[in-house]
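Subject: Structure for your review

Dear colleague,

Please find below the structure I promised to pass on, followed by an account of what turned up in it. I would be grateful if you read the notes with the model open beside them.

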Amino acid sequence: MLRNIENLYGCPVAALDGEIGTVDQAYFDDEAWGVRYLVVNTGSWVGKRQVLISPHSIEHPDSGSCTLQVNLTRQQVRDSPDVDTDRPVSRQHEIRYLDYYGYPRYWNGAYLWGMGDDPTFGSRASAAPIALEARARRDREEDSPPTDFHLRSTKAVTGYHIVAADGSIGHVSGFMLDDVAWVIRYLTVDTRNWWPGGREVLVATPWINAVDWIGSTVSTRLTREAIKNSPLYDASVPLGRSHEAALHEHYGKDGYWSSDDSDMQVVQRVGSREFTATLKLDATVVLKEGSKEVTHFTLNSAIPALAENHDGPAILESTIAQLMCALILGYARVT
């Protein structure tokens, strides 16, 4: 699911044995745009510290809830390495943090998260021994410190000026987060200070060719006219695959998704149960609880009627998603 990362700010973060604080901001790397950590304000229970929470520990966020669940205990968080959020996070600090929790180093591998495309990692039962092994290995290593790379804060980059191939077009107003892969897919750009009567538009992060961290600018080879004529983006409507496809087609760009990744999917938690409803290209909906298929049915008769009553694919997709959520809730109530 894609969501504006600003919607996570202020959300409670719940550990296995109680709440640990609220989300303040996020840190992403300046090459792959992966969101490596959330910064969490812990309040008074650990001296008003800010701590880092890795997506490795976060259960898949429930689209209907603001609370983020993490597979950690409050004591683990209390004992985690300190971080000075007023300064860039260095690679040395990351190594201490990742070794403390026993998480793999995302820079050691060919994929976004090192050995995979998302931060799925191990099980709760194996976390403690892995962490102990990692700390022991760190104590044995005598290599020289690695190059000091830095992460970037989403709050700090908000407001950066956007420079197109033929001039300025606006400024960064937000970030669209893929909360499965934990990567920023798009920047939202406010064009109203350049284009009278302008609006927010989307620019995919692969289309960014340079970021000047000193000059506070983000550059793209897209033209101002192409951006001005891009498909309408409405922040009040969930960003669906149909809108993404239209956006990529407008710019003549390939999508980040695979060619067979055209199904629409809704994930929803009902109590302790997690359901996934997948709408196939033939209008069949497959409902799974966990990894087990529990039922399937067709929306063939409903989709044409919905299409007649909605303007544009984004509105239609949002309505179908709401219908699928209702079907999940209905199934959960009777089983």
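A residue is called buried here when its relative accessible area is under 20%, exposed when that area is over 50%, and partly exposed in between, as computed with a 1.4 Å probe on protein chains only. This is a predicted model, in which local features need pLDDT of at least 70 and side-chain atom pairs count only at pLDDT 80 or more, while totals for chains, interfaces and linings use all residues. Residues are numbered from 1 along each chain as its sequence is written, and side-chain values use heavy atoms, with hydrogens and water left out.

Salt bridges

The structure holds twelve salt bridges, a salt bridge being a side-chain nitrogen of Lys or Arg within 4 Å of a carboxyl oxygen of Asp or Glu. One of them joins Asp82 to Arg49, with 3.1 Å from N to O. Asp82 lies in the loop between α1 (74–78) and α2 (91–101), and Arg49 in the loop between β4 (35–41) and β5 (50–53), so this pair ties together parts that are 33 residues apart in sequence; helices (H or I, at least four residues) and strands (E, at least two) are DSSP runs, numbered from the N terminus. With a relative accessible area of 57%, Asp82 is exposed, whereas Arg49, at 17%, is buried.

Another salt bridge links Asp179 with Arg3, whose closest N and O atoms are 3.0 Å apart. Because Asp179 belongs to the loop between β9 (167–178) and β10 (183–190) and Arg3 to strand β1 (residues 2–4), the pair ties together parts that are 176 residues apart in sequence. Asp179 is buried at 2% relative accessibility, and Arg3 is buried with a relative accessible area of 12%. The side chains of Arg185 and Asp178 also meet in a salt bridge, at 2.9 Å from N to O, and Asp178 counts as buried at 9% relative accessibility.

The loop between β9 and β10 also contains Trp182, which has a positive phi of about 55 degrees although it is not a glycine, and which is buried at 2% relative accessibility.

Nonpolar cores

A nonpolar core is a set of buried Ala, Val, Leu, Ile, Met, Phe, Trp, Tyr and Cys residues joined through side-chain atoms within 4.5 Å. The largest one has 67 residues, and Val35, Tyr186 and Leu187 have the most contacts inside it. Apart from this core lies another, of twelve residues, including Ala277 and Leu287.

Aromatic rings

Rings of Phe, Tyr and Trp (its six-membered ring) pair if their centres lie within 6.5 Å, and planes under 30 degrees apart count as stacked, over 60 as edge-to-face and the rest as tilted. A search of the whole structure finds 13 aromatic pairs. The rings of Tyr101 and Tyr103 are stacked, because their centres are 5.4 Å apart and their planes stand at 15 degrees, and both Tyr101 and Tyr103 are buried. The rings of Tyr106 and Trp107, by contrast, have centres 5.0 Å apart and planes at 85 degrees, so that pair is edge-to-face. Tyr106 is buried at 8%, while Trp107 is partly exposed at 25%.

With best regards
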